[in-house]
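Have the model open while you read. The text below walks through a few helices, then a handful of single residues.

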Amino acid sequence: MRAKQAEKRYKNLIGGKWLAAHSRKTFENRNPADRDDLLGTFPSSGKADVAAAVAAAKDAFATWRLVPAPRRAEILYRAGELLAQRKEVYAREMTREMGKVLEETCGDVQEAIDTAFYMAGEGRRLFGQTTPSELPNKFAMSVRMPVGVCGMIAPWNFPMAIPSWKLFPALVAGNTCVIKPAEDTPLSTHNLVQTLMDAGLPPGVVNVVHGFGPDAGAPLVEHPDVRAISFTGSSEVGRIVGQVAAAHFKPCSLEMGGKNAMIVMDDANLDLAVEGALWGAFGTTGQRCTATSRILLHKKIARVFTEQLVARTKNLRIGNGLEKGIQMGPQVNQQQIETSARYVKIALAEGAKLLVGGKPLRGAAHAKGFFFAPTIFSEVEPTMRIAQEEVFGPVLSLLQFGTFEQAIEIANGIEYGLSTSIYTRDVNRAYAAVRDLEAGITYVNAPTIGAEVHLPFGGVKQTGNGHREGGTGAIDFYTTWKSVYVDYSDRLQRAQID
Ligand code: UN1
């Protein structure tokens, strides 16, 4: 018999110390592919823990902001190197806590490594402007200043990549941070922050408070010493976060949902488009805000494409993401399975046609986890809820169009605007789509997922509130401008007057 493993008890990180929650309450982190597999327990934190973390971050800011940015960057660079060494171990733990297959969790850790190296480079840039003054013997320039203590609330679908998108630009710019990881995937943030500490990050510069949104997230958003908030999650929660932040006049970056369309024109390479559709719709079990959740098919190729896609979908191997050959893992928790099942019912009631899937997988191989069959609906009309609302699961809608203009209109006819894609060999059409699709990201001849960290990431409409993660947009969010005027004329010079 296998000896019962000692339960691992993870802690919050506050001021460089690993601490239990004031209440001593904890919650469990279990494997969504095998509920018997307990990864450990984490503190269920509340207002007092958040207050202690913010105080530590405020304290650390006094010295961290004065460390030269290239030195701060060196710590990030070392963290990137350490993550590369630990990639496989962290990826395995991530698959155990989140469910996506090992190849994808390796990609998630790699995204954090990429962000570390990219943001380390920014330590020697953080450029401002120098410009002539309108007055003689006067010097004018602008410099970037850190914002102060930044509060971060992260989602469970990219458990290390997204925390790195938030933490690394904030750190290189001289801010200190308090992060609340998603309660479904706390271990990957723990591993990320452990790596930062091993790379030499001073105590208090990053603090981690584990727990649930209402108990630990809300007090972080409300805390008067938290100067900026970065949130990734649902539009429902994002709306509340944005409203609370607005009441305190805090800059607030919101990255939320998507209902991402792939357009397949009649001249597309269909094999490539089918391959892309499978990856875009069922990669990460459809649990990406960039997931391909609508495919808009030109009438001429709709039948052939649908047949090929359904056949390939039936052959997908679904199971524990640590096992070789598995292509799709479980959903992250019971609630996500219920959401998928609810939308299947909604779609059927609306008159969509179920081609494959549509229910949880309950066979012996899937009995211990939250598995849902990859699901495809055809005969979906643009106004149906299944074509409008985010499912965040392996549920794909197929729609049809007659002309390019119709395709664009359908693609844009939703509340969201994160990612879009078009498959065509016609360069004119491709560029027109790049211009006309209302979204933060457009792919040509690739599915809607797969953003790279040095380009802006985010969307329009209800996907976001105008900020971008990744790229230089992240630096813009985590810095504030100071304009500096040095008058060396030795007399009073009045702008706009003298
Ligand atoms: C997300 O779905 O929340 O572009 C982020 C992608 C990934 C990141 C997705 N690099 O699909």
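K359 lies in the loop between β14 (353-356) and β15. K359 is exposed, because its relative accessible area is 54%. The cut-offs are under 20% relative accessible area for buried, over 50% for exposed and partly exposed in between, with a 1.4 Å probe and protein chains only. K359 touches F372 and A373, leaving out residues up to four places away in sequence. Contact means heavy atoms within 4.5 Å. K359 and K345 are 14 residues apart in sequence, and their C-alpha atoms are 10.0 Å apart in space.

This is a predicted model: local features need pLDDT of at least 70, side-chain atom pairs count only at pLDDT 80 or more, and totals for chains, interfaces and linings use all residues. Residues are numbered from 1 along each chain as its sequence is written, and side-chain values use heavy atoms, with hydrogens and water left out.

Turn to helix α2 (residues 69-98) and helix α3 (residues 102-122). They pack at an angle of about 175°, with their axes 8 Å apart. Axes are lines fitted to C-alpha atoms, for helices over the stretch in contact, and angles run from 0 to 180 degrees between N-to-C directions. α2 and α3 are therefore roughly antiparallel to each other. That label applies to angles over 145 degrees; under 35 is roughly parallel, 65 to 115 roughly perpendicular, and the rest oblique. The contact of α2 with α3 involves 17 nonpolar, 4 polar and 5 charged residues. Nonpolar covers Ala, Val, Leu, Ile, Met, Phe, Trp, Tyr, Cys and Pro; charged covers Asp, Glu, Lys and Arg; the others, Gly among them, are polar.

α2 also packs on helix α4 (residues 161-172), at an angle of about 150° and with the axes 8 Å apart. α2 and α4 are therefore roughly antiparallel too. By class, this contact has 6 nonpolar, no polar and 1 charged residues. From α2 come A69, R72, A73 and L76, and they meet F168, L171 and V172 in α4.

Now look at α3 by itself. Its 21 residues reach 30 Å from first C-alpha to last, close to the 30 Å expected at 1.5 Å a residue. The expected span is 1.5 Å times one less than the number of residues. α3 is mostly covered, with 15 of its 21 residues buried. T115 is found in α3. T115 counts as buried because its relative accessibility is 3%. What does T115 touch, not counting residues up to four places away in sequence? The partners of T115 are S164, W165, F168 and V453. The side chain of T115 reaches the backbone oxygen of E111 at 2.7 Å. A polar contact is a pair of N or O atoms within 3.5 Å; within protein, one must be able to donate a hydrogen and the other to accept it, and residues adjacent in sequence count only if both atoms are side-chain atoms.

Helix α8 (residues 270-282) is next. At 1.5 Å a residue, its 13 residues should span 18 Å, and its end C-alpha atoms are 18 Å apart, which agrees. N269 caps the N-terminal end of α8, with a side-chain oxygen 3.2 Å from the backbone nitrogen of D271. Buried residues of α8 include L270, A273, V274 and F282. The buried residues of α8 pack against β12 (260-264), β13 (292-298), α9 (299-314), β15 (375-378), β16 (395-401) and β18 (419-423). Just after α8, T284 takes a positive phi of about 55°.

R425 touches D267, A268 and N269, residues up to four places away in sequence aside. R425 sits in the loop between β18 and α13 (427-436). R425 counts as exposed because its relative accessibility is 62%.

Most residues other than glycine have a negative phi. R24 has a positive phi near 70°. R24 is found in the loop between β2 (17-19) and β3 (26-31), and is exposed at a relative accessible area of 65%. D490 also has a positive phi, near 70°. D490 is in the segment after β21 (479-487), exposed at 78%.

Is T41 buried or exposed? T41 counts as buried, because its relative accessibility is 5%. Beyond neighbours within four places in sequence, T41 is in contact with E7, K8, R9, Y10, T26, F27 and E28.

Terms used: Helix = DSSP H or I, 4+ residues; strand = E, 2+ residues; numbered from the N terminus.
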